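Me: I have a model open and want to talk it through. Can you take my questions as they come?

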Amino acid sequence: MKFSVKKENLESELQFLQGIAERKKTIPILSHILVEAENSQIKLSGTDLEVSLTTRCSASVEDAGGVTVSSKKLFEVVRSLPSGDVEMSSASGEWLEVRSGGAYFRLVSLPVNDFPEIPQFDFGSATEISQEIFREMIRRTLFAVTKEDVRYSLNGALLEIGDGVLRMVATDAHRLALVEVKDADAGTKESVRAIIPKKALSELRNLSGDEAMLFGQDEHHLHFKLGDRVLSTRVIEGQFPAYEKVLPSDNPSRVKASVEQLGGALRRVSLLASERSRAVKFTFNSGVLSVASSNPELGEAQESVPVEYEGDELTISFNAQYVLDFLGVVTGTDIELHLRDDTSQGMMVPIEDDASVDYRYVIMPMRL
């Protein structure tokens, strides 16, 4: 195998593969990517057996062939090179030689036959999805995916497509984020209900390009194509919680608050909150919200925020970081809180102009 490629083009594609290759090195070949030279391009593939990514870039190919090489080290080497052409070759398959200007590297390779098979999919009849909308849905839900592995089905977000609606839901059993896009073109062509792993969501959010995103599914995988980049992910088996039952239908108290003012107060007050629980007490009175924290080892803090609220005094405690996570992804300047009492889940919704997007965030109260 021997080819020449522009350093900038190769570096860009290698960047996308860095989050795919397995870094724990429990199976050495999974820390490698497969580099294949064919026709007038090179194909780069990486996988951790759950999520796979294949990408391509133009090259001047002298001899076709393939080689595996450490994803991390090849990226570091290419990134360190000056602008211009990079020559790569592999005669025996045991080494990948890299030359640029006066620089020379020889990187260890593993047998190509040991590299796992990448899932394939024919996108000829695939559904087109707006990549902008899809990335925005991921941005608004990814933070609510559990960080623990206790319940396997919570280690991803539920994707539902059908009846003209795109819906994504994520929960860690303490909070739930749901975003729904109505009148979505994809909803009329494809019927989907699948749990996408957190890693796949993170990588999909990072993919970019000018082309439309194509989407398809088979028995065990979901496939996404954006230009020359194809990401395939195994779906999470298991039963996702019945999120419909968590959404409160009768929270009579309504509070309108400024994202900037509430977020600033929470960040300051939570400095003295318990580092384990991050609990902050919210006390609502007519026209004002008081947020307070207390920690026997550190002290206490309190701040008042003007809000639109008419009703009896209501006190409830929430994890401050959970609220800040929500405030960090809304695009409007104000939010509305729907509350019932100090023991029932609260719901937060942004006040935004786009009526086609329904974004709801449910958060469980805490006991101080």
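Reply: One term before the surface figure: accessible areas here come from the Shrake-Rupley method with a 1.4 Å probe. This is a predicted model, and the accessible surface of the protein comes to about 17800 Å². Carbon and sulfur atoms account for 44% of that surface.

Me: What are the spans of the C-alpha trace along its principal axes?

Reply: They are about 80 × 50 × 35 Å. The protein has 368 residues, and 51% of them are buried.

Me: How many helices and strands are there?

Reply: Six helices and 25 strands. Taking contacts between residues at least 6 apart in sequence, 67% join residues at least 24 apart.

Me: How many bridges join strand 1 to strand 5?

Reply: Three, with strand 1 covering residues 2-6. Lys2 stands opposite Asp63 of strand 5.

Me: Changing topic: strand 13. Mostly covered or mostly open?

Reply: Mostly covered. Strand 13 spans residues 175-182, and seven of its eight residues are buried.

Me: Which strands are joined to strand 13?

Reply: Strand 12 (residues 165-171) pairs with strand 13 in the antiparallel sense over seven bridges. Strand 25 (residues 357-363) also runs antiparallel to strand 13, again with seven bridges.

Me: What happens in the hairpin of strand 12 and strand 13?

Reply: Three residues lie between the strands, and Ala173 takes a positive phi near 80°.

Me: Now the inside. Which residues have the most contacts in the largest nonpolar core?

Reply: Leu74, Phe134, Leu266, Phe282 and Phe284, in a core of 95 residues. Helix 6 (residues 320-327) gives the most to this core, with six residues. Another core, of 12 residues, lies apart from it and includes Leu158, Met347, Val349 and Val362. Nonpolar side chains tend to be buried together in soluble globular proteins.

Me: What is Phe282 in contact with, leaving aside neighbours within four places in sequence?

Reply: Its contacts include Leu262, Leu266, Leu289, Val291, Leu314, Ile316, Phe318 and Val323. Ser290 and Thr315 are also among them.

Me: Why does Ser153 count as buried?

Reply: Because its relative accessibility is 10%, and the cut-off for buried is under 20%.

Me: What is Ser153 in contact with, beyond its neighbours within four places in sequence?

Reply: Ile195, Ile236, Gly238, Gln239 and Phe240. A polar atom of the Ser153 side chain lies 3.2 Å from the backbone oxygen of Gln239.

Definitions and conventions
Residues numbered from 1 in each chain as written. Predicted model: local features only at pLDDT ≥ 70, side-chain atom pairs only at ≥ 80, totals over all residues. Heavy atoms only, no water. Buried < 20%, exposed > 50% of the residue type's maximum accessible area, 1.4 Å probe, protein only. Helix = DSSP H or I, 4+ residues; strand = E, 2+ residues; numbered from the N terminus. Pairing = 2+ DSSP bridges. Core = buried A, V, L, I, M, F, W, Y, C linked by side-chain atoms within 4.5 Å. Contact = heavy atoms within 4.5 Å. Polar contact = N/O pair within 3.5 Å; in protein donor to acceptor, adjacent residues only side chain to side chain.
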